[in-house]
Amino acid sequence: MPTPQGTELHHSPNARFQSGNRVYRIVVLGQGGVGKSALTLQFVSHIFQEDHDPTIEDAYQKQVVIDNHPGILDVLDTAGQDEFTAMREQYMRGGEGFILIYSITEKRSYDELYRFKEMIDRVRNYESVPIVIAGNKSDLGQRRQVSTREGEAMAKEFNCPFFETSAALRHNVEEVFFEIVRCIRSKENEDYL
Ligand code: GDP
Ligand code: MG
């Protein structure tokens, strides 16, 4: 199977450090249209792109300093069908942290996250994997189908942080990406104990 452009780094075992910087491999998952690309591009490039091609899957890198520690975030903005493809399995294996996104305006996208979580658990043999949940499109409150409580309930179930976000308003965008790095770091520290 050909490797999609831009994702090689994700699957390279040598990509853990780049010029001395720790590289954090983050995978963004969620139903089509929830704002995976919008959130990723808002985080990486400070732009809100309303019409990002829904079929494009690409990896982006951003250098950051989080809690006084530098790092490079390697973010895979996934796209495409929901089936459990070989490619999906591959990046679920390679990801160190997962951002699971639903849209507060679509209940189905919330329900869908249970399926993504189950896929991750299966691929990772039910070991704990860093996850952050984002309930996106918080600026569209008048079309809300998922309550904040429901988001919090899922986060409790998954034992992970939760934010309502707006890619459009750049609300809680950095928080989500920073938090997943914190989760990866604290898991790494636990693993050394
Ligand atoms: P993806 O398929 O998950 O990558 O979704 P996109 O990032 O392509 O976004 C799908 C649509 O939702 C686009 O028209 C975006 O402009 C819109 N969108 C994404 N995030 C937000 C948001 O936070 N607020 C609003 N109002 N629209 C958003
Ligand atoms: Mg997209």
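Guide: A residue is called buried if 20 or more other C-beta atoms lie within 10 Å of its own, exposed if 12 or fewer do, and partly exposed in between. Please keep in mind that this is a predicted model.

Visitor: Fine. Which residues in α4 are buried?

Guide: The buried residues of α4 are Ser-109, Tyr-110, Glu-112, Leu-113, Phe-116, Lys-117 and Ile-120.

Visitor: Where do they sit around the helix axis?

Guide: Viewed down the axis of α4, the buried residues fall within an arc of 160 degrees, so they line one face of the helix. An α-helix has 3.6 residues a turn, so residues three or four places apart point the same way.

Visitor: And which exposed residues are on the face turned away from that?

Guide: That face of α4 carries the exposed residues Arg-108, Glu-118 and Arg-122.

Visitor: What span should α4 have, and how far apart are its ends?

Guide: Helix α4 covers residues 107-123, which is 17 residues. At 1.5 Å a residue, α4 should span 24 Å, and its end C-alpha atoms are 25 Å apart, so the two values agree. Just after α4, Asn-125 takes a positive phi of about 55 degrees.

Visitor: Which other residues have a positive phi without being glycine?

Guide: Ser-19 is one of them, with a phi of about 40 degrees. Asn-172 is another, with a phi near 60 degrees.

Visitor: Where are those two in the chain?

Guide: Ser-19 is in the loop between β1 (17-18) and β2, while Asn-172 lies in the loop between β7 (162-164) and α6. Ser-19 is exposed because it has 7 other C-beta atoms within 10 Å. Asn-172 has 19 other C-beta atoms within 10 Å and is therefore partly exposed.

Visitor: Let us turn to α6. How many residues does it have, and what should it span?

Guide: Helix α6 has 20 residues, 173-192, and should span 28 Å at 1.5 Å a residue. Its end C-alpha atoms are 30 Å apart, which agrees. The buried residues of α6 are Val-173, Val-176, Phe-177, Glu-179, Ile-180, Val-181, Cys-183 and Ile-184.

Visitor: New topic: which residues come nearest to ligand 1?

Guide: Of the 18 residues around ligand 1, Gly-35, Lys-36, Ser-37, Ala-38 and Ala-168 come nearest.

Visitor: Which helix gives the most to that shell?

Guide: Helix α2, residues 36-45, gives the most, with three residues. Sorted by class, the shell holds eight polar, six nonpolar and four charged residues.

Visitor: Back to single residues. Is Val-146 buried or exposed?

Guide: Val-146 is buried, because 21 other C-beta atoms lie within 10 Å. Val-146 is located in the loop between β6 and α5.

Visitor: What does it touch?

Guide: Not counting residues up to four places away in sequence, Val-146 touches Tyr-102, Ile-104, Lys-107, Tyr-110, Gly-135 and Gly-151.

Visitor: Lastly, what are the confidence scores?

Guide: The protein chain averages a pLDDT of 91, and 90% of the residues score at least 70. Over residues 1-11, however, the pLDDT is below 50, and this stretch has 19 contacts in the model beyond near neighbours in sequence. The model scores ipTM 0.99 and pTM 0.92.

Technical notes. Residues numbered from 1 in each chain as written. Chains lettered and ligands numbered in written order. Predicted model: local features only at pLDDT ≥ 70, side-chain atom pairs only at ≥ 80, totals over all residues. Helix = DSSP H or I, 4+ residues; strand = E, 2+ residues; numbered from the N terminus. Expected span 1.5 Å × (residues − 1). Arc of directions from axis to C-beta. Near = placed C-beta within 6 Å. Nonpolar A, V, L, I, M, F, W, Y, C, P; charged D, E, K, R; others polar. pLDDT = per-residue confidence, 0-100. Contact = placed C-beta atoms within 7 Å.
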